[in-house]
Every structure is written in C-alpha cells, then in structure tokens.
Amino acid sequence: MPHPMLNIAVRAARAAGSVISRSRDRVNDLTIESKKRNDFVTEVDHQAETAIIDTLLRAYPDHGILAEESGAAGQDGAEFRWIIDPLDGTTNFLHGIGHYAVSIALERQGRLELGVIYNPVNQELFTAERGGGAFLDNRRIRVAPRKGLDGALLGTGIPFRDDQNLERYIATLRALHGPIAGIRRPGSAALDLAYVAAGRFDGFWEFGLKPWDMAAGVLLVREAGGVVIDNQGGDDYLGSGNVICANPKLVHAMLQAISKGEAAWRSVSRPESGD
C-alpha cells in the first residue's frame, strides 16, 4: 500500500494539474512575468503552487515547504519538508507544447522519501517511495540497461539564461557526441528525470538546476535502479545543481566523457600562462 503521505502528494499534484489544464487554452490572456531574461512565471504557476501547498499543509500543518515561486514556508526546522515545482516547463506551456509537469518531493531530515511527477497533458503519473521502487501509473519502472555510450539516447537541458555557461555545456556535448544515438532537449528537467527512470532516456545530464527541478526525479531514478551523481562524481547534485544520471555502468561512462569535456573547456577558458 502506498504511504499516506504519497497519497496526499498525488492529490496535491492532481489539484495543481487541474489548475494548469484549465488555463491551457487561454495562454494569451495570462499575466506573465520575467524572473530573469528567458525565465518566465505566470499566474498559473502561482495558482498551481497555492493548490499544492494548501493540500499539503491541510494534511500536515507542521511540515516545511520549499517551493519555486514562494520560497520557504511552513514550520522552521521541520522534520519533514516538501520540495515543489508547480509547473516545470513553463516556456513549453506558454508555447502550447504539451511537455510540462508538476513535481513534488518530500524529504525527512535531508533525505528524500517520496517523489511525484505528474504530466497533466497526458495524465502520466510517476511516483516513488524510498525503498519501495518507482512506478508509472502503478506499473513498476526500471532504468534502461544500456552498458555504455554506444547507441545511448540522452536527455539534457541547454543553458538559456545569462547566468549559465553555454561554452562549458557545449564542451560536454562535444565530448559525448559520436557514439551516442542522439540527444533530446524537451524542456522539463523533472520529466527528463522521470523518463530516465522509465527507461525512455538512457541517461540525462544538466548543469545549474534548482532543488525543485530535480528532487522528485532524483528519487524516481534511484528507486528505478539508477545512479545519480554530480559532475564531480559525488552526491552534491541538489546543492550544486549539476546532475548526471543513468544505470550504474552508463553513468560512469557519461561522467568520464563529461569530465573530459569540462577539462577541455577549462584549458581554453583559463589557459596556463607561459614565459
């Protein structure tokens, strides 16, 4: 039986999905703000986030909240904290591209316990519990078994903001290019991670993410048998925002290639001085 907190998280995700779906056909009438250049937020983001937080805190008023739009809320120092992205893929939503999701994770004293990712367009529901496996619409899912880069299909996110380093990313892209079958950039990190968990992507990497972009997806990948690391091979991905994930063998091959690309980028951007 699913954990009661998971049931509440699913209820919250579906409530946010209903808010998003009701606004899908009136995008031109929405109030749109720019947080940074090319980084947008709409009234739908805010309304969906409110629906999630209201649902969670009604059930668990002593829990903490970390949400993309409203920041930290709830009890300070709470044992449990919900990490929320009410609409991951806002740009897709604004352009009528049906690839976006609600992402909700629960951590207990810093350890991820539950994850829910819900795409309101096709109503796919990805869920995970620590130690309980990962599921898509109640069907258990596993990461793809590909052993190396040859023929791998990878997901990624291309830098688009001024505070992101495009040249660094291109260097890692160049290092991976060749043996892989292709790269996809759908526009929602949460769904990209869910797709790795479901075996649709063999692996995924991106730099500069926020905790709410990846918390639920990270748990999904791990519970589907995958490995999640940062670009140093460690486990500080939620802190650094840099993430690589795949099955254990492929993630090692990806890390080697990405590290090679980053080394090449550093040698060009900060060449050693000579006499």
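What share of the contacts in the protein chain with a separation of 6 or more comes from residues 24 or more positions apart? Let's start with that and then zoom in.

**Figure 1. The whole chain at a glance.** The answer is 62%, where contact means heavy atoms within 4.5 Å. This is a predicted model, in which local features need pLDDT of at least 70 and side-chain atom pairs count only at pLDDT 80 or more, while totals for chains, interfaces and linings use all residues. Residues are numbered from 1 along each chain as its sequence is written, and side-chain values use heavy atoms, with hydrogens and water left out. The protein chain has 8 helices and 15 strands; these are DSSP runs numbered from the N terminus, with helices being H or I of at least four residues and strands being E of at least two. Of its 275 residues, 53% count as buried. Buried means under 20% relative accessible area, exposed means over 50%, and partly exposed is in between (1.4 Å probe, protein chains only).

Figure 2. Helix α4 spans residues 166-176, and its buried residues are R168, Y169, A171, T172 and L176. They cover an arc of only 155° around the axis, which puts them on the same side of α4; the arc is that of the directions from the helix axis to the C-beta atoms. Here's a handy bit of background: an α-helix has 3.6 residues a turn, so residues three or four places apart point the same way. On the face turned away from the buried side of α4 you'll find the exposed residues E167 and R174. What covers the buried residues includes β11 (153-156), β13 (203-206) and α8 (248-269).

Figure 3. N165 caps the N-terminal end of α4, with a side-chain oxygen 3.1 Å from the backbone nitrogen of E167. Just after α4 comes G178, with a positive phi of about 125°.

**Figure 4. Two nonpolar cores.** A nonpolar core is a set of buried Ala, Val, Leu, Ile, Met, Phe, Trp, Tyr and Cys residues joined through side-chain atoms within 4.5 Å. Which members of the largest core touch the most other members? Of its 36 residues, they are I117, F126, F204, L220 and V221. Elements that give two or more residues to this core include β7 (111-119), β8 (124-129) and α6 (211-223). Take L220: leaving aside its neighbours within four places in sequence, its contacts include I117, F126, A194 and A197. There's also a second, separate core of 33 residues, with A9, A51, I104 and L114 among them.

**Figure 5. Aromatic rings in pairs.** Rings of Phe, Tyr and Trp (its six-membered ring) pair if their centres lie within 6.5 Å; planes under 30 degrees apart count as stacked, over 60 as edge-to-face and the rest as tilted. By this rule the count comes to 4 aromatic pairs. The rings of F93 and Y100 have centres 5.4 Å apart and planes at 90°, so this pair is edge-to-face. F126 and Y195 make a tilted pair, 6.4 Å centre to centre with 50° between the planes. This pair links distant parts of the chain, since F126 is in strand β8 and Y195 in helix α5, 69 residues apart. F126 and Y195 are both buried, and together with F201 they form one aromatic cluster.

Figure 6. I183 is in strand β12 (residues 182-184). Is I183 buried, exposed or partly exposed? At 26% relative accessibility, I183 counts as partly exposed. Leaving aside neighbours within four places in sequence, I183 is in contact with L153, L154, T156, L173 and W205.

Figure 7. E113 belongs to strand β7 and is buried, with a relative accessible area of 15%. N138, in the loop between β9 and β10 (139-140), is exposed, with a relative accessible area of 76%. Phi of N138 is near 70°, a positive value in a residue other than glycine.

Note on methods: Polar contact = N/O pair within 3.5 Å; in protein donor to acceptor, adjacent residues only side chain to side chain.
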